[in-house]
Amino acid sequence: MTQGNRSEASMGAHFNPDHAREMVEADWHESIRPALEAFIGIPAKSPAFDRDWSDNGHIDAAVALAEDWCRQQAPTGSHVEVIRLTGRTPLLWVDIPGTGAGETLLYGHLDKQPEASGWDTDKGPWTPVVEGDRLYGRGAADDGYAVFASLEAVRLLHDQGIPHPRCMLLIECAEESGSPDLPAYIDYLGRRLGQPGLVVCLDSGCANYDQLWVTTSLRGMAAGDLRVRVLEQGVHSGDAGGVVPSSFRIARSLLDRIEDAATGAVRLPALQADIPAERQEQAQRAATVVGGDLAGKFPWANGTQPNSDSTQTLILNRTWRPALEVIGADGLPARAEAGNVLRSETALRLSLRLPPTVDGDTATRVMADTLTANPPQGAEVSFRAAGAANGWNAPAFAGWLGDSLVASSEHWFGKPAVFMGEGGSIPLMNLLGRHFPAARFLVTGVLGPGSNAHGPNEFLHMPMAKRLSGVVAEALAAQAAAG
């Protein structure tokens with residue numbers, strides 16, 4: 001249903017959530033769900049996973065779909081534009097004139113993770129499948145729905161004549177590659193970005209689908225390749241075993257400089273951060289809501305146990321404490337091809353999740369220095385950085401934004417809002433924070449239990465997405481009212 005079909009008689013001075021719910025349901029049935037199903041069918045893999053993205057045209061197809069929808073649905077007077085900087089993925093820009101005070105930037109992305117294996121036989125990454133409240137397929141939840149939900153939020157206010165700030169939708173196409181193109185677009189847009197007092201990002205998670213989960217922080221990341229070399233070439237293990245050190249053993253001992261192998265705790269003080277008292281209190285409150293579901297959402301193998309019996313501890317572990325994982329390896333042949341050889345080298349790709357306030361580049365240097373200093377038995381050891389990202393800690397919510405979120409959670413979920421950090425990274429949050437230091441941030445999302453973003457059977461929980469449009473709408477109205 002287009003904005004032109006809306007009745008001016010529905011406009012009023014106070015936002016009516018019941019009327020807004022009816023509008024959201026109608027719009028999802030008529031235009032949003034069909035558009036999302038078409039979006040799922042486009043294999044718009046991020047450039048990191050599709051080097052020929054420009055020639056293949058899938059990202060362009062996804063942008064064209066979203067652009068067409070926005071042109072049909074945006075309020076009269078809106079400016080819709082696809083910006084293309086040379087050598088970079090395109091950016092969709094929608095500029096909606098304000099009917100009240102203030103400016104807001106609403107972010108989303110249209111690029112996707114690769115297919116992954118393990119999808120159910122009746123599902124697939126590029127095949128939209130609806131089962132109950134779930135829309136299966138790659139990219140709808142992460143984060144294709146955001147452009148539709150964000151514009152719908154503005155439409156809800158426009159429909160009822162509620163003043164809203166100038167709203168700018170910035171939809172990129174390389175987030176899953178680390179947003180390498182976004183800084184150039186931020187610079188290109190320059191003064192057109194204004195001075196937003198609110199930044200909205202719908203690319204985060206939730207611990208359940210029954211209430212509003214507001215993201216208070218995000219972890220950073222430091223990645224790199226540890227390589228241990230002991231020989232020019234592999235030799236017979238019967239001849240060399242006990243004489244030549246194992247490159248795997250040396251790599252293992254080097255990792256123990258970073259991580260306690262018994263507990264998983266990261267040892268280095270430079271990779272730790274003091275956890276603010278407010279975040280500890282929020283984690284305690286969140287723990288009472290999520291309970292055992294935090295650990296229970298993972299597909300544990302047999303009797304594997306989590307790192308703590310305390311849900312509050314687990315929340316702080318995944319939001320404010322560092323964690324190391326080996327995410328790839330070279331030099332290890334497949335088991336079926338493994339001969340009795342003492343291998344010449346072992347290479348490990350390391351991914352270290354960082355507390356929100358620890359600098360990613362600094363952490364990478366600390367890792368490199370720690371791993372390469374005084375190598376055991378004089379082995380050849382190197383560390384090559386493979387990317388770093390800073391975390392993010394939200395500004396205070398007190399005032400109009402916090403009041404709006406408390407009220408809108410009751411309106412749209414019938415339950416209190418929960419404020420909790422997330423363990424992943426959204427690099428652009430720090431970028432936007434640096435550009436707009438006075439802005440408030442509303443970061444939330446639909447990536448909840450079982451949604452499995454990046455993996456098989458990824459799904460969008462449609463009722464959650466619908467409700468978030470209402471939450472964003474009320475935040476926009478509160479911003480305009482606050483002046």
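User: What does the side chain of Glu458 make a polar contact with?
Analyst: The side chain of Arg138, at 2.6 Å. Keep in mind that this is a predicted model.

User: Is Glu458 buried or exposed?
Analyst: Glu458 is buried. Its relative accessible area is 1%.

User: Where is Glu458 found?
Analyst: In the loop between strand S17 (440–443) and strand S18 (459–461).

User: Which residues does Glu458 touch?
Analyst: Leaving out residues up to four places away in sequence, its contacts include Trp119, Leu135, Tyr136 and Arg138. Ser451, Asn452 and Ala453 are also among them.

User: New topic. In what order do the strands of the open sheet come?
Analyst: The order is S11-S13-S9-S14. These 4 strands pair antiparallel.

User: Which strands stand at the edges?
Analyst: S11 (323–330) and S14 (380–389). Each has a single partner strand, so one side of each has no neighbour in the sheet. From one strand to the next, the twist averages 20 degrees.

User: How many bridges join S9 to S13?
Analyst: There are 10, between residues 220–229 of S9 and residues 345–354 of S13. As one example, Arg227 has Ala347 in S13 as its bridge partner.

User: And which strands does helix H7 lie across?
Analyst: H7 (residues 247–258) lies across S9, S11, S13 and S14. It runs at about 150 degrees to S9. Helix H11 (residues 360–372) packs on the sheet too, touching S9, S13 and S14. The direction of H11 makes about 170 degrees with that of S14.

Note on methods. Residues numbered from 1 in each chain as written. Predicted model: local features only at pLDDT ≥ 70, side-chain atom pairs only at ≥ 80, totals over all residues. Heavy atoms only, no water. Helix = DSSP H or I, 4+ residues; strand = E, 2+ residues; numbered from the N terminus. Buried < 20%, exposed > 50% of the residue type's maximum accessible area, 1.4 Å probe, protein only. Polar contact = N/O pair within 3.5 Å; in protein donor to acceptor, adjacent residues only side chain to side chain. Contact = heavy atoms within 4.5 Å. Pairing = 2+ DSSP bridges. Axes fitted to C-alpha atoms, helices over the stretch in contact; angles between N-to-C directions.
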